[in-house]
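My notes follow in the order in which I went through them.

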Amino acid sequence: MAIGIYDSGIGGLTVYKAVAAYFKKQDLIYLGDVARVPYGNRSKETIIRYSVECASFLKEKYNISALIAACNTISSHALPDLDNSLNIPVLGVIKPGAKYAVDLTKNKKIGVLGTHATVNSKSYIHAIKEILPDAQVYQQACPLFVPLVEEAVISGKMAETVVEETLKNIAETGIDTVILGCTHYPVLKDLIAKYLPNVSIVDSTHYIIEDIKKLNLSDTEKGLREVLVTDDTPAFLSLKNILVGNVPVQVVDINK
């Protein structure tokens, strides 16, 4: 039985890449809902509906044994509903990122970069303060980061200007650690590091592996790799090739 990895678009491929590299024998099915991206400016109710639709599709069509919600927006709003509807282990990306940020910080000042939905949910604030109650958490919504990544505008003057202007305020807070609170953002990691010098950057992508290991899933499978999308877009294919190489992509209709 495969692990399902689900994201609103391209960003979850960063999680897919890390999981595929570690769990070489585990079957993996990735679903990117690129037809409806971005989720970050949707209402909570819409995010939950989209999430349950996509996750149910993976469960019914591919009989997945576990689901990774490889999206901070989904993890912030829809995990309880996914747990209730799927009856399989569901992992998010909030807690792994929060835990590692707490381990890294020296001055207890932690930044969070995320979509409006993730920032408004305050999920990272709650997760961080549950571990480190006296932490100071500074959030910054980055609404233009996802479109940059989805359109593969990840270098050059336009990308640099957007990143610099977006990070201007949080750069003045004195944070020593920042969480990339969206799985799209690791693609912009080098640019973010440029404008947040001397700040430790947390990408929860790599730390969710520890949570997967605890599930004790079968490692006797064939290492199947599938990438599914709800729409065929050149941007997805372009960035997919950059992130995970020549993995075939199949367009699916989740309502059938």
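Entry 1, a helix pair. I listed the contact of α2 with α4 in this predicted model. On the α2 side I found Ile-48, Ser-51, Val-52, Ala-55, Ser-56 and Lys-59, and these meet Asp-81, Leu-82, Ser-85 and Leu-86 of α4. By class, I noted five nonpolar, three polar and two charged residues in this contact. I then looked up the geometry: the axes of α2 (residues 44–62) and α4 (residues 79–86) come within 10 Å and cross at roughly 35°. I recorded the crossing of α2 and α4 as right-handed.

Which residues of α9 are buried? For this helix, residues 157–167, I got Ala-159, Val-162, Val-163, Thr-166 and Leu-167. I then looked down the axis of α9: the buried residues fall within an arc of 115°, so they line one face of the helix. On the face turned away from that buried side I found Lys-157 and Met-158, which are exposed. Next I asked what covers the buried residues of α9.

I traced the strand order as β6-β5-β7-β8, an open sheet of four strands with parallel pairing. At the edges I noted β6 and β8 (200–202), each of which pairs on one side only. Opposite Ile-179 I found Val-202 of β8.

I looked up how β1 (residues 3–7) pairs with β2 and found five bridges in the parallel sense. Tyr-6 has Leu-31 in β2 as its bridge partner. Are the residues of β2 (residues 28–32) mostly covered or mostly open? I found β2 mostly covered, with five of its five residues buried. I sorted them by direction: Leu-28, Tyr-30 and Gly-32 point one way from the strand, while Ile-29 and Leu-31 point the other way. Both sets are buried, and Leu-31, the bridge partner of Tyr-6, belongs to the set with Ile-29.

Terms used:
Residues are numbered from 1 along each chain as its sequence is written. This is a predicted model: local features need pLDDT of at least 70, side-chain atom pairs count only at pLDDT 80 or more; totals for chains, interfaces and linings use all residues. Side-chain values use heavy atoms; hydrogens and water are left out. Buried means under 20% relative accessible area, exposed over 50%, partly exposed in between (1.4 Å probe, protein chains only). Helices (H or I, at least four residues) and strands (E, at least two) are DSSP runs, numbered from the N terminus. The arc is that of the directions from the helix axis to the C-beta atoms. Contact means heavy atoms within 4.5 Å. Two strands pair if DSSP finds at least two bridges between them. Axes are lines fitted to C-alpha atoms, for helices over the stretch in contact, and angles run from 0 to 180 degrees between N-to-C directions. A crossing is left-handed if the near helix is turned anticlockwise from the far one by less than a right angle, and right-handed if clockwise. Ala, Val, Leu, Ile, Met, Phe, Trp, Tyr, Cys and Pro count as nonpolar, Asp, Glu, Lys and Arg as charged, and the others, Gly among them, as polar.
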